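Visitor: I have a structure open and would like to talk through it. Could we begin with how burial is judged?

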Amino acid sequence: MKFELRGITKRFPGIVANDSVDLEVSTGEVLALIGENGAGKSTLMNVLYGIYRPDEGELRIDGAPQHFSSPADAIAAGIGMVHQHFMLVPVMTVAENVVLGVEPTGRFGSLDINEARRMVKEVSEKYNLDLDPDAIIEDLPVGVRQRVEIVKVLMRDAKIVVFDEPTAVLTPSEILEFFEIVRSLVAAGRGVIFITHKLKEALTIADRINVLRRGKVVGEAIPKKTTESEIAEMMVGRAVQLIVNKKQAVPGEAMLKVDNLSVVEPDGRTVVDGVSFEVRTGEIVGIAGVQGNGQTELVEALSGMRRAATGSISIADRDVSHDSPRERHAAGMAHIPEDRQRQGLVTEMSIMENLVLTRYHDAEFSSGIRMKWDVAKARSNELVAAYDIRTNDPSQPASTLSGGNQQKVIVARELSRDIRLAVAAQPTRGIDVGSIEYVHAQIVKERDAGVAVLVVSTELDEVMSLSDRVLVMYRGKIVADVDPKKVSHMDIGLYMAGSRPAGAAAS
Amino acid sequence: MTTAMPERVVSAEQRKRARSVGITYLVLAMVCFFVFTRRPGDAGFRITETSQFTLPAQGFGWALGIALVAVAAAQLLRGFGRLANVVLALATASFFMSFLAWAAAGDSFSFVGMLQDTVSRSVPITLGAIGGILSERSGVINISIEGMLLAAACTSAIGASLTNLWLGTLIGVLTGMALAAILAVMSIRYKVDQVIVGFAINFFALGITSFISFRVLVPNRDTMNSLLPVTPIRIPLLADIPFIGTIFFDQTIFVYFSFAAVALATWGLYRTKWGLRTRAIGEYPKAAGTLGVDVNKLRYRNLLLAGAVAGVGGAWWPIGIVGRFDQNITNGRGFIALAAVIFGRWHPVGALCGALVFALAEAVRLKIGNFDTGIPSEFLIMAPYVVTIIVVAGFIGASRAPKAAGQPYEDQ
């Protein structure tokens, strides 16, 4: 079977998300679709899956034009999609999730759950996916949830399987397993579209690579005949620096001290479990780990957004465990939160207002109940220029900025103060390569100025290249404290999965 | 995620809750000592036409008070672990019996009649709660159950007065569905805030039925608002079981319908294809949508069904018990039904239990009114609502609503 997109154009108010895109994939091959966030990959896949209708262009299967008006049509035509954010109902079982929409039924529309179980077992055994049909989704690790999604697609007999950023939530060893699954799908005569922004993975698994930039296909490549930097250049439109440029760190004394810190959820689960570490001035400490192993809660405890159950936090030998977020700010802590739009910014407020959000109460910006808007305006104009925030008018709402520029607003607000400690959670999640370079450079600049920096990221590459020291979190505990220059990605991956590389001493 | 931690740290909330339950036992014990031991005499609880058992009000009060102090001490010192809820239920039930003994000291009353009344009065709360469950399980918050009950009570009273009881009930059902259709279109098609629409429907129903009551029904009382309600149907054999039979099997068709609705809703939600899809669109509609399930169509259907069930609940007032419509006859039962939904954690059987607890509070209020307890009648009228607040706030604690309830589904 050959699946084609011909001249697909999709417009949204103000932007052209897809601009006459041509693309084709056949059964038995892997096509990687690569591009930055906002390049139009997801829109294109939503067109393919019948969620959006294209404004121009058509879809063809073996030459015959198709008109999908809902995902049901796409599924019937043999297209399956594994979404980036899993489409699984967390409180239901594997079997229930898999048969949703194609339920086997007995009398009076009653659900034949035994048949559903049997179907899950059959498919998962055939492709070696090892699934328990009765497990509840929310109890399963992310890698297993992805296999449930794959079974869902296979059960509907998809000929072309689309994976949208499938490796974003996986550990390095899970990624290898995932590639095995992709190979077995291709061997069984199915076609795969692999959407990603990770160049290495595209080069590893794909037969062909299509590069998307600003809604257009800007290039095609065969993995054997190309290099990472060539593709990166196609993606961004200029030569890019793929590694972080920094000098050897010169650590001073301990600035942040965390001692035996635990965080307990209201339902009694311990999510951060007796964590102790230090961050010294002039060094970047990275925390690696698969999403959901307590990093979010650790950062919330550090920033004062959540109370710790046990333990203490001190900044420059002053105990701040019971201080409010504002008091911690005043003690010299900068915080770049992981959710830009919910925690970092008030997106409905202007860029200027967001830039003074943590300092509006300073004498510089207000006297009594009166805000000195003229000072705030002057200051925000300075910051917009100094931190390369791309906007014509700082009085526009922050929501009008792109993700990368929104992140620069937060970086400008947090790092422009006189700080001693910076805590950055997922500082480059979902932003373009150019902005990533910029944010990394700013973080390194702060380090060189003697600030203690803690970076939490689920992107292993980021942690490894940015940090001077790497801690790995697994199930709420710190399981490793290593020098990123002396360990391999694979070894860190083992720590992230809760095991230990052969020959490594217990930490 | 749920691996056993070597050293289990109990969260602050859990500790706080265990402590407040312990303190509640102490407060109950104080009530036993200082209130329930004040009225002398034996209380007679009639359990059939001819037999009764008696409780010495004061003696029972002292005994229970001492027992509760012991329970409170055990709770505060080491807790009951897995038995906590059993102890809580036993303590609550004993306290309730002591309260009745105190109220009826030196007198006797029909205990079985009170429980029979409880089951009857649970009907509109149960059916309202089933309506609420069907809506919220599909992802639509439905606070307009009250309006649906009230409007259906009004139209079914008129319909039944003019035609017959069956047609009257059917008209009530259609009225419930009509209001549900408004909620559905507003919240699904136009994505208006579901709580606001619900409020609007409630006030609309209250306003229009009050208007009809004053302008139409009062002047035409004999022709348009007068009917003979249904009579109880004795189920052969089952109704002859002493005590239990009288409570459950000598009731009107509305009671049997409401039990059947609970059974059917439970089976439907957990054992059918429709139920699987309904639960999916209430938890994570995108999951169902990307598999080709038409989320919004199913939401429309389920809301209409919810309106129909609530419509039967509304028809209970004129056709099941009172024989006419009065202004604001529902008096907040729709909101109590929503409390029953939360009490029952969005499960039909749980909601039925909640409805029975609330109906019991109401039945007790009506019985206690006959005794000279010195409690002002205004306080007695508050009883069902006070029980609602205590039960929902204190005993249920945090419960998990369907995740997508309240969020419109973007079809694209």
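Guide: A residue is buried if 20 or more other C-beta atoms lie within 10 Å of its own. Please note that this is a predicted model.

Visitor: With that in mind, how many residues of α5(B) are buried?

Guide: In α5(B), 17 of the 18 residues are buried, so this helix is largely enclosed by the rest of the structure.

Visitor: And what span does that helix reach, from its first C-alpha to its last?

Guide: Helix α5 of chain B, residues 145–162, reaches 26 Å, which is close to the 26 Å expected at 1.5 Å a residue.

Visitor: Changing topic: how many residues of chain B are in contact with chain A?

Guide: There are 26 residues of chain B in contact with 29 residues of chain A. On the chain B side, the elements giving two or more residues are α1 (12–36), α11 (273–283) and α12 (285–289).

Visitor: Which element provides the largest share of that side?

Guide: That is α11(B), with 6 residues. By class, the side of chain B that touches chain A has 12 nonpolar, 8 polar and 6 charged residues.

Visitor: What about domains in chain B?

Guide: The domain assignment gives domain 1 (12–105) and domain 2 (117–396). Their centres, taken over C-alpha atoms, are separated by 32 Å.

Visitor: How many residues does each domain of chain B give to the contact?

Guide: Domain 1 of chain B gives 4 residues and domain 2 of chain B gives 5. On the domain 1 side, the residues divide into 3 nonpolar, 1 polar and no charged.

Conventions. Residues numbered from 1 in each chain as written. Chains lettered and ligands numbered in written order. Predicted model: local features only at pLDDT ≥ 70, side-chain atom pairs only at ≥ 80, totals over all residues. Helix = DSSP H or I, 4+ residues; strand = E, 2+ residues; numbered from the N terminus. Expected span 1.5 Å × (residues − 1). Buried ≥ 20, exposed ≤ 12 C-beta atoms within 10 Å, placed from the backbone. Contact = placed C-beta atoms within 7 Å. Nonpolar A, V, L, I, M, F, W, Y, C, P; charged D, E, K, R; others polar. Domains from an automatic or database assignment.
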